[in-house]
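Please open the model in your viewer and keep the selection tool at hand. The tour below goes from one selection to the next and says what is found at each stop.

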Amino acid sequence: MGVYLVSIDAREWLGEDEGEGGHGAVASALDGELRRRGLPPFEPGPGAGGGWFEEKVSPSMKGFDAFCRDRLTEAERETFYGWTVLVPLSLEEPIPLPVGSAYADETVVAGAPQVLALGERLAGILGLPLDAIPATGANLELSLWFMEDQVRRTVAARPGAWAEDLDTAFYVAVYLRAAQYALRYGCPVTYS
């Protein structure tokens, strides 16, 4: 059990699988808000062709939150990790929607390009060795990398600020990789 950050395929996003936790109400509300702003509706991409993004978000967020509060404005924090749905669209600011979920009374939609830019900035501050951290989007790849021997070997070979708080490093990496995945495959990412 626990909370997972997962990609959403087009059928589920469009509500074709509503009996299986579809997101049709969020999709419809987002399209309405985009139209109100003079923008075209969101058309999800084909996804990863059989794979999906899934990471368990179980480490403590206390250090991560403090790190972000020291380096980001309140608006940037909301954009980087205050969302409930991440979409591969450029959005100047997160869009609140009056659609509840299992975790919140409303849905907040953020743009993956903005999340990616903030993630890259924070990764640079931490000195996060992104070339050593998994980026394929395979299920639980980051979660397992941070929990198993791979992270310890990388810390030994490439010490630095990132290694002083691995929970913070995990969250910077997971939000950055979620944004990359959303942009690469044209699919939304949400909590499950």
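**Starting in the sheet**

Begin by selecting strand β3 (residues 85-87) together with β6, which pair in the antiparallel sense over 2 bridges; strands here are DSSP runs of E of at least two residues, helices are runs of H or I of at least four residues, and both are numbered from the N terminus, while two strands count as paired if DSSP finds at least two bridges between them. This is a predicted model, in which local features need pLDDT of at least 70 and side-chain atom pairs count only at pLDDT 80 or more, whereas totals for chains, interfaces and linings use all residues. Residues are numbered from 1 along each chain as its sequence is written, and side-chain values use heavy atoms, with hydrogens and water left out.

Within this pair, Leu86 stands opposite Val189 in β6. Now select helix α5, which packs on the sheet and touches β3 and β5 (107-111), contact meaning heavy atoms within 4.5 Å. Widening the selection to the open sheet of 6 strands, you can follow the order β2-β1-β6-β3-β5-β4, with mixed pairing. Its edge strands, β2 (54-56) and β4 (95-97), each pair on one side only.

**Into the core**

Next, show the side chains of Leu5, Phe80, Trp83, Leu86, Leu128, Phe146 and Tyr175, the residues with the most contacts inside the largest nonpolar core, which has 41 residues. Such a core is a set of buried Ala, Val, Leu, Ile, Met, Phe, Trp, Tyr and Cys residues joined through side-chain atoms within 4.5 Å; buried means under 20% relative accessible area, exposed over 50%, and partly exposed in between, with a 1.4 Å probe and protein chains only. Among the elements that give two or more residues to this core are α3 (62-71), α6 (141-147) and α8 (166-185), and the largest share, 12 residues, comes from α8. Centre on Phe146, which touches Ile133, Val151, Leu166, Ala169, Phe170 and Ala173, not counting residues up to four places away in sequence.

**Charged pairs**

Finally, select Glu33 and Arg36, which form a salt bridge with the closest N and O atoms 2.7 Å apart, a salt bridge being a side-chain nitrogen of Lys or Arg within 4 Å of a carboxyl oxygen of Asp or Glu. Glu33 is buried, at 14% relative accessible area, whereas Arg36 is exposed, at 62%.

Methods. Axes fitted to C-alpha atoms, helices over the stretch in contact; angles between N-to-C directions.
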